[in-house]
Amino acid sequence: MKRLAAFTMALMMLVPLAAVAKDAARPHAAALYQKHCAECHGKERLGGIGPALLPGNLRRLRKKKAAKVIAQGRISTQMPAFGDKLSEKQIAALVKYIYTPLPQMPVWGKKEIEASRHIPVDTDFSVTRPQHDADPLNLFVVVESGDHHVSILDGDTFERLTRFKSRYALHGGPKFTPDGRYVFFQSRDGWITKYDLYTLDVVAEMRAGINTRNIAISADGSVIAVANYLPHNLVLLSADDLSVIRIIPAVSADGASSRVAAVYQARPRHSFVATLKDAPEFWEISTDPKRKEALYEVRRVKLPAIVDDFFFDQSYRHMLGASRDLKGAIVLNVDTGEVIRRLDLPGLPHLGSGITWKWQGRPVMATPHLGEGRISIIAMDTWEVVKTLKTPGPGFFLRSHENTPYAWADVFFGPDRDKMLVIDKRTLEIVKVLNYAPGKTVAHVEFDRYGKYALISVWEQDGAVLVVDANTFEVKKRIPMKKPVGKYNVFNKITFSEGTSH
Ligand code: HEC
């Protein structure tokens, strides 16, 4: 008995010893992180001079690429190279570490948000007209993700008015005030920047979340809604000074905490609409100042499945929602909260890029599909697919304009990603296949306010925006840009042009 006890004791001693020995051989990722990275990326990996290093935020960066960034740094940025300081094993451990979720939900509440808020001291509040000669409603805002800059283009001369450094990794579409004066940018790491298109200056900035999906602006331009993945909430801000109006925790009716999949404004309804990413719920949040009792209250609608992406008809009475789980889409009557139809759409439609027009007197919408080379055209009176166009590969963006008979679609994925397809909105046929930059990714079209020119991105580090005559398809100008991932025409955005997504 005694001997057995002694043996057990020895075993018990051995186990922790073995663990320690093994641990010593493995690099201590957390300690390495604190020593070499925390100063720029934050003690808790929430970001600082450098971006947040969390799995949700790093989703678009492959692990191999992350290891390369750590070893070699990023040229002409503050990210240093660690190849001579850290072993390959240590770098591998750090990569594993930064792709590991935080042990608990980070705190980013009203206090932290308010502390991040910043209004530049030199803001001139007396300016009432543009301080440049360009048509303020025909400006283009171009997001260049290659080196995290934004360019502002004159939409008549296609001269660049200015180019400025943005927050790290802007994404989702920027949103404009109804008068077209201010634009709000949102970064992957939750930074919201208010920019004045009259003075060409940043006028306010703050951080509304840690990992943010997108933003929306209310119909009257007074409230900004921020859909966060981390923390799980929807943040409402004053569009005036970006102060917090309300933080709405994203908790489903069943009590489950969830990311917010996306938020949009439903202009005729005077509300924000959102869906949850981890629970089958649709939310409507009233911003109608006339309905004081219901202001900012959440109306919940239970859905048959989680909706990842959605689209509204012009009346905002119907929502078309795409669902991975249903392998298709549902049509929700937003007033009654009833699902009135299910659509079989193979591959996930990318409804966020949907555009609409009139075809044979009927309203139709067109959407590309993720993972499938097709474009579906759906009649919105009966919610039937009236046409399926086969494309050389899956596309990402679709664009048109009231003044052109054509819709333009890219082929974002696959070997044909240099092609641009032109669809005749009258015949629903692909009538042209354009190739302006063979071998390069060519994507994302935006029209000027008159629909005369289509601006196309050559989506590369040393890329460009091509200004193309929308009737003759000839290139009028090539403007060099660093990976121009999106461009937005003020007029088309504030008038809710049917040819562009919102
Ligand atoms: C002196 C500041 C600084 C230090 C120290 C630093 N970084 Fe960075 N890091 C940055 C900046 C700034 C960027 C953004 C670079 C850019 O603009 O592309 C960055 C980018 C990165 C990226 C790419 C993120 C993305 O979303 O593309 C990774 C990964 C990364 N750093 C990891 C690390 C790790 C791991 C360490 C510690 C070993 C570290 N960094 C130390 C400043 C720093």
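In this predicted model, Thr-212 stands opposite Asn-228, a residue of strand E9. The pairing behind this is between strand E8, residues 211–217, and E9: six bridges join the two, and they run antiparallel. Strands of a sheet pair through backbone hydrogen bonds, either parallel or antiparallel. Between E8 and E9 the chain makes a hairpin with five residues between the strands, and in this hairpin Gly-221 takes a positive phi near 80 degrees.

E9 also pairs with strand E10, residues 233–238, again in the antiparallel sense, here over five bridges. Within this pairing, Ala-227 stands opposite Leu-234 of E10. The hairpin from E9 to E10 passes through two residues. The loop between these strands holds Pro-231, and the peptide bond that joins Leu-230 to Pro-231 is cis, with omega about -10 degrees. Most residues other than glycine have a negative phi, and most peptide bonds are trans.

How much of strand E9 is buried? Eight of the eight residues in E9, which spans 223–230, are buried, and the strand is described as mostly covered. The largest nonpolar core has 121 residues, and those with the most contacts inside it are Ile-192, Ile-224, Ala-225, Val-226, Leu-237 and Val-263. E9 gives the most to this core, with seven residues.

Strand E14, residues 281–286, pairs with E15 over five antiparallel bridges, and the bridge partner of Ile-285 in E15 is Val-298.

Another open sheet of four strands has the order E25-E26-E27-E28, and its pairing is antiparallel. Its edge strands are E25 (398–399) and E28 (429–434), each of which pairs on one side only. Five bridges join strand E26, residues 406–410, to strand E27, residues 420–424. One of the residue pairs across these strands is Ala-407 with its bridge partner Ile-423 in E27.

Strand E1, residues 139–144, contains Val-141. Is Val-141 buried or exposed? Val-141 counts as buried because 22 C-beta neighbours lie inside 10 Å, where the cut-off for a buried residue is 20 or more. Ile-152 is eleven residues from Val-141 along the chain, and the C-alpha atoms of the two are separated by 4.9 Å. Leaving aside neighbours within four places in sequence, the contacts of Val-141 are Val-150, Ile-152, Pro-174, Val-183, Lys-487 and Tyr-488.

Two loops hold residues other than glycine with a positive phi. Tyr-316 has a phi near 60 degrees and is found in the loop between strand E16 (309–312) and strand E17 (318–323). Lys-483 has a phi near 45 degrees, and its place is in the loop between strand E32 (475–481) and strand E33 (484–489). Tyr-316 is partly exposed because 19 other C-beta atoms lie within 10 Å, and a buried residue would need 20 or more. For Lys-483 the count within 10 Å is 19 other C-beta atoms, so Lys-483 is partly exposed.

Which residues are closest to the ligand? Of the 23 residues that surround the ligand, the closest are Cys-37, Cys-40, Gly-50, Thr-77 and Met-79. The elements that give two or more residues to this shell are helix H3 (38–41), helix H4 (63–72) and helix H5 (88–98). By type, the residues of the shell divide into 15 nonpolar, six polar and two charged.

Key: Residues numbered from 1 in each chain as written. Predicted model: local features only at pLDDT ≥ 70, side-chain atom pairs only at ≥ 80, totals over all residues. Near = placed C-beta within 6 Å. Nonpolar A, V, L, I, M, F, W, Y, C, P; charged D, E, K, R; others polar. Buried ≥ 20, exposed ≤ 12 C-beta atoms within 10 Å, placed from the backbone. Pairing = 2+ DSSP bridges. Core = buried A, V, L, I, M, F, W, Y, C linked by C-beta atoms within 7 Å. Contact = placed C-beta atoms within 7 Å.
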